[in-house]
Amino acid sequence: MDGIIDNLTSALNTWNSKLAEIWLLLTESPETFKGGDIWKVILKVHDALQAIGLALLVLFFVWGLIKTCTSWQDVKRPEQAFKLFLRFIVARALVMYGMELMTGIFEIVQGIISSITETAGLGISSETVLPQEIIDAVSNTGFLESIPLWAVTLLGSIFITILSFVMILTVYGRFFKMYMYTAISPIPLAAAAGESTQNTAFTFIKSYAGVCLEGAIIVLACIIFSSFASSPPVVDSTASSVSMLWSYIGELIFNMLVLVGTIKMSDRIVKEMMGL
């Protein structure tokens, strides 16, 4: 009987550890993630692409000049010349100080995440544990009656473990997307130099802000699940051990699916909010 309990307990421990890891990831900065080694590589890539971004800046500026000005007389007009000059300066500043811009957006979103967790009064997630009624019922089950329990527990443990890794992979995916956005930022930001291409730069900034905001959606999803975890599924002590365990695992997996589904849809939710 101990093997049945151990299988389910091990799966729940995996779930709890991944959920706790999510809370750490959502409050950690990319500069300190994994000791900062990944961030150092991102900085090198960003610096290398910055030179390319400055070259593209001139290309986008000239292309925008050709598209918006029909003759040289248009460029000589003071208001048009000032507009073009201002656009070039702003675009150059975006390319040169894009890293500071990206970091600033991330810090703002981190402040939002901190406010959400402090308002909800949560710093860590509530752990999901196996009720004592389930443990007692399984312990008092005979050998023949324990065979279906093994099947139920095995299926439930596999499903919970899979959900745990799907959940943590989604959160890691958000982290890696932030790295990619930061590394390649000089290229799309250079598009701000041309009036016909400036939407590319603005869309890029909005998309990066959306990736950062995914963390706020994930935090809200974890807070909702913590309420589920603090009120575990009701166990009917009058039912048979198989029915009791099956009912408990079924409701528990449903609650976990709600959390994993919300985390998986966090990017879609943010895109709908920001109109991306």
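Because the model is predicted, local features need pLDDT of at least 70 and side-chain atom pairs count only at pLDDT 80 or more, while totals for chains, interfaces and linings use all residues. Residues are numbered from 1 along each chain as its sequence is written, and side-chain values use heavy atoms, with hydrogens and water left out.

The score pLDDT is the predictor's confidence in each residue, from 0 to 100. The protein chain averages 78, and 76% of the residues score at least 70. Confidence is lowest in helix α3 (residues 72–76), with a mean of 53, and highest in helix α8 (residues 186–189), at 89. Helices here are DSSP runs (H or I, at least four residues), numbered from the N terminus.

Next comes the interior. A residue is called buried under 20% relative accessible area, exposed over 50% and partly exposed in between (1.4 Å probe, protein chains only). A nonpolar core is a set of buried Ala, Val, Leu, Ile, Met, Phe, Trp, Tyr and Cys residues joined through side-chain atoms within 4.5 Å. The largest such core has 63 residues, and those with the most contacts inside it are Trp15, Leu19, Ile22, Ile160 and Leu259. At least two residues of this core come from each of α1 (2–26), α2 (37–68), α4 (78–96), α5 (98–120), α7 (143–184), α9 (198–230) and α10 (241–264). Helix α9 gives the largest share, 14 residues.

Contact means heavy atoms within 4.5 Å. Leaving aside neighbours within four places in sequence, Ile160 is in contact with Leu8, Ala11, Leu12, Trp15, Leu252, Ile253 and Met256. Ile263 lies in helix α10 and counts as buried because its relative accessibility is 0%. Not counting residues up to four places away in sequence, Ile263 touches Ile22, Met167, Thr170, Val171, Ile218 and Ala221. Ile263 and Ile218 are 45 residues apart in sequence, but 5.4 Å apart in space, C-alpha to C-alpha.

The side chain of Gln50 reaches the backbone oxygen of Val95 at 3.1 Å.

The structure also holds five aromatic pairs. Rings of Phe, Tyr and Trp (its six-membered ring) pair if their centres lie within 6.5 Å; planes under 30 degrees apart count as stacked, over 60 as edge-to-face and the rest as tilted. Trp39 and Tyr179 form a tilted pair, at 6.3 Å centre to centre and 50° between the planes. This pair links distant parts of the chain, with Trp39 in helix α2 and Tyr179 in helix α7, 140 residues apart. Both Trp39 and Tyr179 are buried, and together with Phe175 they form one aromatic cluster.

Cys212 is buried because its relative accessibility is 0%, and Cys222 is buried because its relative accessible area is 1%. A disulfide is a pair of cysteine sulfur atoms within 2.5 Å, and by this rule the count is zero.

Technical notes
A polar contact is a pair of N or O atoms within 3.5 Å; within protein, one must be able to donate a hydrogen and the other to accept it, and residues adjacent in sequence count only if both atoms are side-chain atoms.
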